[in-house]
Amino acid sequence: MKQNSSQISKFLFIAAAIAVVIAIVFYMKGGIELKQIGFEDAKEIALEEDKPIILYFYSRYNQVSKQLNATFMKDDSVTQKLNSEFVFAVESVNNSEEREAMEEKFGLEGIPAYYFYNPEGKLMLKTHGNNSIQVFMAAISREFIPEILKFKSYETVIKNSRDSGKYPFVLVISSPRNSQFDNIFNRLYPMFEKEENFQYLVDNYEPTILFSNNDDDLAIIKMLNSKVDNQIDIINTTVNGENITRLDGNYYFVLTGDEDVRKFREIVYPKEDKFDLEKDVKSGQMTEEQGEE
Amino acid sequence: MRNLMTLVEVEFRRTWSRPFVLITLGVTLLTFLVIFLVQNFFSILSESQMTFKASIVLKSFMTFFSTVAALVITTGIIKFDIKNHWFRTILTRPVSRDEALLAKITSAFGGVILISILTCILPVIFMEVIAPDFMTFDIGNFLAVFLVYLLNVLGLILIATWFSCWAGGFFNLILVLVWLFVNNVVSGVIPPIIWDNRLLLIIVDFFYPEALADLAEQISGGSFSWELLLWGLATIAGFGGLAFWHFNKIKIDHGSD
C-alpha cells in the first residue's frame with residue numbers, strides 16, 4: 001500500500017508555527033501589572049487606619065500569577081473586600097535582581113506569595129506557592145480573619161497585660177513552613193465562627209497569635225517550649241497535655257491541634273461553660289503550683 | 001466529503017458498541033444519583049454563602065469525565081486498527097490516508113462531545129435545578145468554558161493519536177498518563193526554583209500543553225488570554241500535524257499476521 005504525503009499535516013505545521021511565534025510575542029510582553037501601593041506606603045496607612053496588611057508578591061511571567069492577576073485580582077467583590085478590610089500592597093518581581101532584593105528584604109521564598117502583617121507592621125504569616133492562594137481566599141472570605149490579624153505582637157501583649165491586668169492569651173498555630181495542603185486560616189474557622197467567641201476573647205484577655213512558619217514567632221514558641229517542657233508541638237497538631245501554664249507571673253494559654261480547638265471553644269465561649277479550669281483562672285483560684293503542673 | 005461522512009459514521013458505530021453505550025449511560029445515571037444524594041451538601045454551602053460559578057463546576061466535571069473519555073476512546077486508536085486490518089480494508093477503497101485519519105479523529109472527538117454533554121453539561125444543569133442557590137449561571141460564560149475545554153480535550157486526542165502511530169497496543173495511553181504525571185511533578189517542583197527566569201518558565205509552563213485548560217479557567221473567572229488561546233491552538237495544530245504526517249509514513253499492510 002502506497003504511503004502518501006499528507007496535505008493536512010503541512011497546513012497544520014504552518015499554522016502551529018505561526019501560532020507559536022505570536023504566542024511567544026504575547027508571552028514576552030508579560031501579564032497584567034497591578035497598580036496597588038508598595039509595602040512601605042502600606043505600613044503607614046495600616047497604622048493610621050488600624051487595618052492589617054496583605055502583601056502580594058507576583059511575577060508578570062509566572063503562569064499562576066498571570067492567571068490570578070487576570071481573574072481573581074480583577075474581581076470586584078475581591079477588590080472591594082481587600083480595600084475595606086485590609087491595606088493591600090503588591091510587589092512585582094520579574095527578574096533575578098528583583099528576586100535577590102526581595103529575598104533579602106522579605107525572605108521571599110517563591111511566587112505567588114501572600115504575607116500578612118498586623119497594623120503595627122509585624123509579620124504574622126507568610127505563605128507562598130499555589131497553596132498561598134487558598135490561604136488568601138480564606139483571608140478575604142472569613143469575617144474574623146482581619147480581626148485576628150489585628151492582634152498585637154507577643155511583646156506588646158506581654159507589656160499590655162501587665163498594665164491592664166488581663167491575662168495574655170497566646171494562640172500557637174503550628175504549620176510546616178512549606179506545607180502545600182494546609183490552609184491555616186480555615187483551621188482557625190471553628191474557633192472564631194461565632195462572633196461572640198471573638199468578642200469574649202478580646203474583652204477578657206490580651207490575645208496574640210504565633211505562627212510557627214514565621215521565624216520570629218518560631219523563636220518565641222521555642223522560648224515558651226523551653227519553659228513548658230516542650231508541650232507545644234510545632235510540627236504535628238496533636239494535643240500536648242495541659243493547656244494552661246503559668247510563666248513569669250502571667251498565664252499563657254497555649255493551644256495547638258484539633259482537640260485544642262474544642263477546648264478553646266470551651267474557654268472563650270462562656271455559654272458552653274464546660275471547661276472548669278477556665279472558671280478557676282478567672283476567679284483567681286488556680287494556684288501557681290497547679291499551673292506549673 | 002461524502003467519503004469522510006460515511007467513514008465518520010462507520011467509526012462512530014464501531015466505537016459505540018452496546019457495552020460502551022451501557023457503560024456511558026450507567027456513568028451518567030450514577031452522576032445524577034450522586035448529585036441527588038448530596039443535594040443537602042449544596043444547601044449547606046449555599047447557606048454559608050459559598051456560591052460557585054456554573055462554569056467552574058462544569059470545568060471540574062470535564063477535567064475528569066471528558067479527559068477519561070478521551071483517554072478511553074483513543075487507547076490504541078491507530079495500532080489496534082492496523083493489527084486487525086481495519087485500515088488495510090478501508091484503504092483498498094478510494095479513500096486517502098488523510099481522510100481515514102480525519103474520520104477517526106472526528107469520530108473520537110464526537111464521542112467525547114457526546115459523553116461530555118451526558119456526564120458534564122446535563123448534571124450541572126440538574127444541580128442548578130435542585131440547588132439553584134449553589135451556583136450562579138451565566139450561559140455565555142458556561143458555553144465558552146465548555147467549548148474551550150473541548151478544544152483542550154481535542155489536543156489530548158491528537159497527542160494520543162500521534163503516540164499510537166508509533167507506540168504499540170495501549171502503550172499510547174500509558175505514555176500520555178506518564179507525561180501527565182511528570183508534568184504535575186515538573187510544574188510543582190521547578191517553578192519555585194526558576195520563577196525569575198522567563199525563558200525557562202516557557203518550557204515549564206508548556207512542558208505538557210494544557211494552555212486551553214488554563215484558558216477555560218481564566219474564562220470562567222471572567223477574563224481572556226490571547227496568549228493561552230494561541231498556545232492551545234498551536235498544540236492542536238502541532239500534534240495534529242504530527243499525527244497526520246506520521247500516519248502517512250507508517251506501514252499499514254501488515255497486521256497481526
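Select B:Thr161 to begin; this residue sits in helix α8 of chain B. The model is a predicted one. B:Thr161 has a relative accessible area of 0%, so it counts as buried. Show its surroundings: apart from residues up to four places away in sequence, B:Thr161 touches B:Ile77, B:Ile78, B:Leu101, B:Ile105 and B:Ala243.

**The cores**

Move to B:Ile78, one of the residues that B:Thr161 touches. Once neighbours within four places in sequence are set aside, the contacts of B:Ile78 are B:Phe87, B:Leu101, B:Thr161, B:Ser164, B:Cys165, B:Phe247 and B:Ile250.

What is the size of the largest nonpolar core? It has 89 residues, and B:Leu58, B:Ile78, B:Phe87 and B:Phe247 are those with the most contacts inside it. Now color helix α8 of chain B, residues 139–166: this helix gives the largest share of the core, 16 residues. In soluble globular proteins, nonpolar side chains tend to be buried together.

Select B:Leu37 in helix α2 of chain B, which covers residues 18–37. Is B:Leu37 buried or exposed? Its relative accessibility is 62%, and therefore it counts as exposed. For a sense of distance, select B:Tyr208 as well: 171 residues separate B:Leu37 and B:Tyr208 along the chain, and their C-alpha atoms are 36 Å apart.

Next, go to B:His85, in the loop between α5 (79–83) and α6 (86–91) of chain B. B:His85 is not a glycine, yet its phi is positive, at about 65 degrees. With a relative accessible area of 17%, B:His85 is buried.

**Where the chains meet**

Show both chains, each in its own color. On one side 38 residues of chain A are in contact, and on the other 39 residues of chain B. The size of an interface is often given as the accessible area lost when the parts come together. Between chain A and chain B the buried area is about 3500 Å², with 62% of it given by carbon and sulfur atoms.

Which residue forms a salt bridge with B:Glu227? Select A:Lys66: the closest N and O atoms of this pair are 3.1 Å apart. The rule finds one salt bridge across the interface of the two chains. Five residue pairs are in polar contact between chain A and chain B, counting pairs with both residues at pLDDT 80 or more.

Now select α1 (7–29), α3 (63–70) and α5 (96–106) of chain A; these are the elements that give two or more residues to the side touching chain B. The largest share of that side, 15 residues, is from α1(A). By kind, the residues on this side of chain A are 19 nonpolar, 15 polar and four charged.

**Inside chain A**

Of the 293 residues in chain A, 52% are buried. Taking the contacts in chain A between residues at least 6 apart in sequence, 68% join residues at least 24 apart.

Here is an example. A:Leu210 is buried because its relative accessibility is 0%. Beyond neighbours within four places in sequence, the contacts of A:Leu210 include A:Tyr154, A:Val170, A:Leu171, A:Ile173 and A:Asp217.

Follow A:Asp217 to A:Lys122: their side chains make a polar contact at 2.9 Å. A:Lys122 lies in the loop between β3 (113–117) and β4 (123–128) of chain A. Is A:Lys122 buried or exposed? Its relative accessible area is 18%, and the cut-off for buried is under 20%, so A:Lys122 is buried. Neighbours within four places aside, A:Lys122 is in contact with residues including A:Phe116, A:Tyr117, A:Ser153 and A:Ile209.

**Two backbone details**

Select A:Pro112, in the loop between α5 and β3 of chain A. The peptide bond from A:Ile111 to A:Pro112 is cis, with omega near -10 degrees.

The last stop is A:Asp50, in the loop between α2 (39–49) and β1 (53–58) of chain A. A:Asp50 is a residue other than glycine with a positive phi, near 50 degrees. Its relative accessible area of 39% makes A:Asp50 partly exposed.

Terms used: Residues numbered from 1 in each chain as written. Chains lettered and ligands numbered in written order. Predicted model: local features only at pLDDT ≥ 70, side-chain atom pairs only at ≥ 80, totals over all residues. Heavy atoms only, no water. Core = buried A, V, L, I, M, F, W, Y, C linked by side-chain atoms within 4.5 Å. Buried < 20%, exposed > 50% of the residue type's maximum accessible area, 1.4 Å probe, protein only. Helix = DSSP H or I, 4+ residues; strand = E, 2+ residues; numbered from the N terminus. Contact = heavy atoms within 4.5 Å. Buried area = accessible area lost by both parts, 1.4 Å probe. Salt bridge = Lys/Arg side-chain N within 4 Å of Asp/Glu carboxyl O. Polar contact = N/O pair within 3.5 Å; in protein donor to acceptor, adjacent residues only side chain to side chain. Nonpolar A, V, L, I, M, F, W, Y, C, P; charged D, E, K, R; others polar.
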